[in-house]
Amino acid sequence: MNQLFKKVKIVEVGPRDGLQNIKDSISTENKVRFVEMLADAGCTNIEITAFVHPKLIPQLADSGEVCAKLAVRPGVQYSVLVPNAKGMERAIEFGIKEIAVFTAASETFNMKNTNTTIDGSIERFREVVDMARKNNIAVRGYVSTVFGCPFEKQIAPEKVLEVTGKLFDLGIYEVSLGDTIGVAVPTDVERVLEKVLAKFDMAKIALHMHDTRGTALANVVKGREMGITVFDASAGGLGGCPFAPGAAGNLATEDIVYTFEKMGVSTGIDIEKLTQASRFMEGVLGRKLPSRYLSTK
Ligand code: HMG
Ligand code: MG
């Protein structure tokens, strides 16, 4: 195995993607505790919340309080999902050092998710990136519905290339390709990544696989074989997007950590401590989480 691929970066999105669609009320204190337990487990990149419209995503309406209660931690990058300049103003107010913007390869999904066209979101990001540059804030980007859309179904890989290119042109440092509704299988990943990696630096491409049909882990392993070294995951497999009907959570962080570590690929995450963080959320929610690894403990 190529030495370069013996280490991967896991971006933990549980506190944002994992919680955003949950209807039960979760206290700010429990959200903060969850993030701290993830950091204790060795997660170095954690998406902690979102500065989006609180009426659309009520679970994250306390995003400011979550940010204010989390102390800066050396070696841990806390990031926040931001859709526009208004969200960016809040990120600056709370001293956030990394944000993630999000658009899609499907016009219909993007409109439902953010009330604008794909080009409209790119225009919003122009301002966001400008504000980020002036405030020394790193900007990551998501492209949703890369492998299929709940409304438009098939997505042309050329559209993925076009949107990804527009994000990189803005100066975004890493683009995460989202299987928002979890429809991809490894041959889809291969088909899309062959085109993406022919055009863009593979070190700047991440995969964000939802696990609706149990194919996310196979897709991630395919991505790694093709050279991808950054993967998003959600502790316990929490999650889903309220604007993507039927979508389940992201690939469970325990499942990706177990698989990679056993394959000799370092994630830097302590699986037992990670399990404690997921168990904590199971206690908060009063139900089991879908991670396969958790189910064996
Ligand atoms: P809009 O309605 O187009 O915004 O919403 P607007 O600029 O026209 O303003 C309308 C109102 O929204 C105004 O308030 C603004 O102040 C307010 P009013 O004057 O009517 O009282 N507003 C805001 N409030 C709080 N924070 C803001 C903000 N911006 C405007 N940042 C907007 C556009 C994007 C804000 C809205 O559509 C929204 O919040 N959507 C939620 C999107 C979301 O969070 N989706 C889930 C996350 S994405 C995801 O899960 C996919 C991902 O995981 C990858 C994958 O899986 O593929 C990332
Ligand atoms: Mg997602």
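Visitor: How many cavities of 30 Å³ or more does the structure hold?
Guide: This is a predicted model, where local features need pLDDT of at least 70, side-chain atom pairs count only at pLDDT 80 or more, and totals for chains, interfaces and linings use all residues. Residues are numbered from 1 along each chain as written, chains are lettered from A and ligands numbered from 1 in written order, and side-chain values use heavy atoms, without hydrogens and water. On a 1 Å grid over the protein atoms alone, a cavity is a set of points where a 1.4 Å probe fits but cannot get out. The count of such cavities is one.

Visitor: Which classes make up the lining of the largest cavity?
Guide: Lining residues have an atom within 4 Å of a grid point. Among them are Lys9, Val11 and Asn45. The lining divides into three nonpolar, three polar and three charged residues.

Visitor: How many residues surround ligand 1?
Guide: A residue counts if one of its heavy atoms lies within 4 Å of the ligand. The closest include His53, Asn84 and Thr180.

Visitor: Which side chain has an N or O atom 2.7 Å from an oxygen atom of ligand 1?
Guide: A polar contact is a pair of N or O atoms within 3.5 Å. For His210, the distance to a ligand oxygen is 3.0 Å. The side chain at 2.7 Å belongs to Ser144.

Conventions
A polar contact is a pair of N or O atoms within 3.5 Å; within protein, one must be able to donate a hydrogen and the other to accept it, and residues adjacent in sequence count only if both atoms are side-chain atoms. On a 1 Å grid over the protein atoms alone, a cavity is a set of points where a 1.4 Å probe fits but cannot get out, and a pocket is an open set with protein on both sides within 12 Å along at least five of seven lines; lining residues have an atom within 4 Å of a point. Grid points are joined across faces, edges and corners, and a volume is the space filled by probe spheres set on the points. Ala, Val, Leu, Ile, Met, Phe, Trp, Tyr, Cys and Pro count as nonpolar, Asp, Glu, Lys and Arg as charged, and the others, Gly among them, as polar.
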